[in-house]
Amino acid sequence: MWPIDCRNLYAKVKNLNTSFDFPENSRPFFYQEIIDMGGEAISKIEYVGYGVVTEFMASYILANALKGGQPLSDLLKWGTKMGFLHSKDAIVFVDNANTQRGNGAGGETILNYKNRKLYTMANAFLLSHPYGHKRIMSSFAFTNTDHGPPTNKDDTIRSPSFYDMDEENEDNDGAAESQNLLKHGQCRNESGWVCEHRWTAIVNIVQMANIVKDEPIIKFESNGPDRIYFCRGDKAFIALSNDPVEEFNKTIGTCLDEGIYCDVISGGVAKNGQSCTGLEIHVDKDKSARIIIPKDDENGVILIHKGAKLK
């Protein structure tokens with residue numbers, strides 16, 4: 001669509017209805033899907049100013065770095081230094097309904113739910129970094145590009161079903177309880193729905209993003225080509241390792257106050273508020289902590305923040 005036509009159409013849309021508790025003169029949020037990997041006849045720049053614009057280059061570069069196509073340390077330039085739109089103009093995401101199937105921008109490089117570790121790492125980085133407006137995928141399972149959503153016998157779309165905390169293993173030991181906690185609220189595999197937005201790690205990352213809000217990045221550094229870390233002000237710290245040979249093992253300034261924090265990727269704060277369901281990270285008086293991510297770690301990322309500090 002011609003950009004000026006888009007602008008004129010958006011201008012005719014009414015303000016949001018105050019009957020639904022929107023403030024006076026609130027405008028709808030417009031975002032525009034423009035596939036521009038560089039050099040296309042239609043440029044993403046043409047649509048800036050009328051609404052936010054999809055930044056497909058972000059999906060590709062993030063996936064390429066996590067798959068080993070380029071050093072993870074390249075992400076230190078994340079944003080306009082990589083040719084992206086300005087942060088306020090961009091909407092970023094790990095995948096969408098087309099790209100998760102290997103179609104469209106980025107092709108087979110794009111990550112999807114089938115590689116849970118790299119997919120979680122990608123969302124952790126994307127949501128922890130202040131660049132852009134974020135969008136999270138929530139999809140159904142598929143085996144080919146034409147695979148449709150799960151259906152009932154009458155061909156209506158089947159609703160997802162969810163894991164419940166009450167479903168504990170017969171031995172009811174601590175490990176079983178921990179597993180139930182991690183699964184609680186997620187979509188059952190047999191329902192056919194993936195529901196990435198309900199994954200415990202992604203839910204926890206979103207909670208972190210809501211805590212840090214507009215806090216700036218402090219100390220974005222690398223510890224080798226495939227190990228990076230940074231702070232979001234004095235509220236959060238994240239470290240990622242994609243090194244297949246050496247573990248991430250370093251004492252780092254986390255920018256956080258002294259205390260014991262729960263890594264929200266491997267678990268989180270237990271209901272009692274006094275223990276972690278996953279890793280514990282001890283931050284010293286000088287705000288430093290020993291960060292260890294083994295080369296074969298199941299998550300590849302550690303994320304701690306003020307909201308995940310033990311009492």
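Modeller: Happy to! A word on labels to begin with: helices and strands here are DSSP runs, of at least four residues for helices and at least two for strands, numbered from the N terminus. With that in hand, let's pick N223, which lies in the loop joining β5 (217–222) to β6 (227–232). Leaving aside residues up to four places away in sequence, N223 is in contact with Y229, F248 and K250. To place N223 against another part of the chain, take V48: the two are 175 residues apart in sequence, and 36 Å separates their C-alpha atoms.

Bear in mind that this is a predicted model. Its average pLDDT is 93, and 94% of the residues reach at least 70. Residues 168–172 fall below 50, and that stretch makes four contacts in the model beyond its near neighbours in sequence. Where pLDDT is low, the coordinates should not be read in detail.

Now to the wider setting. An unreviewed UniProt entry places "domain: Alpha-amylase C-terminal" at residues 222–309. Over those residues the chain is 43% strand and 0% helix, with 25 Å between the end C-alpha atoms. The domain assignment, for its part, gives domain 1 as 3–139 and domain 2 as 216–308. The C-alpha centres of domain 1 and domain 2 are 26 Å apart, and 20 residues of domain 1 touch 24 residues of domain 2.

Elsewhere in the chain, a helix pair is worth a look. The axes of α3 (residues 116–128) and α5 (residues 200–212) approach within 9 Å and cross at roughly 10°. Angles under 35 degrees count as roughly parallel, and α3 and α5 are therefore roughly parallel to each other. On the α3 side the contact is made by Y119, T120, N123, A124, L127 and S128, which meet A201, I202, I205, V206, M208 and A209 of α5. Of the residues in this contact, nine are nonpolar, three are polar and none is charged.

Definitions and conventions. Residues numbered from 1 in each chain as written. Predicted model: local features only at pLDDT ≥ 70, side-chain atom pairs only at ≥ 80, totals over all residues. Heavy atoms only, no water. pLDDT = per-residue confidence, 0-100. Contact = heavy atoms within 4.5 Å. UniProt positions renumbered as here; feature names shortened; annotations may be inferred. Axes fitted to C-alpha atoms, helices over the stretch in contact; angles between N-to-C directions. Parallel < 35°, antiparallel > 145°, perpendicular 65-115°, else oblique. Nonpolar A, V, L, I, M, F, W, Y, C, P; charged D, E, K, R; others polar. Domains from an automatic or database assignment.
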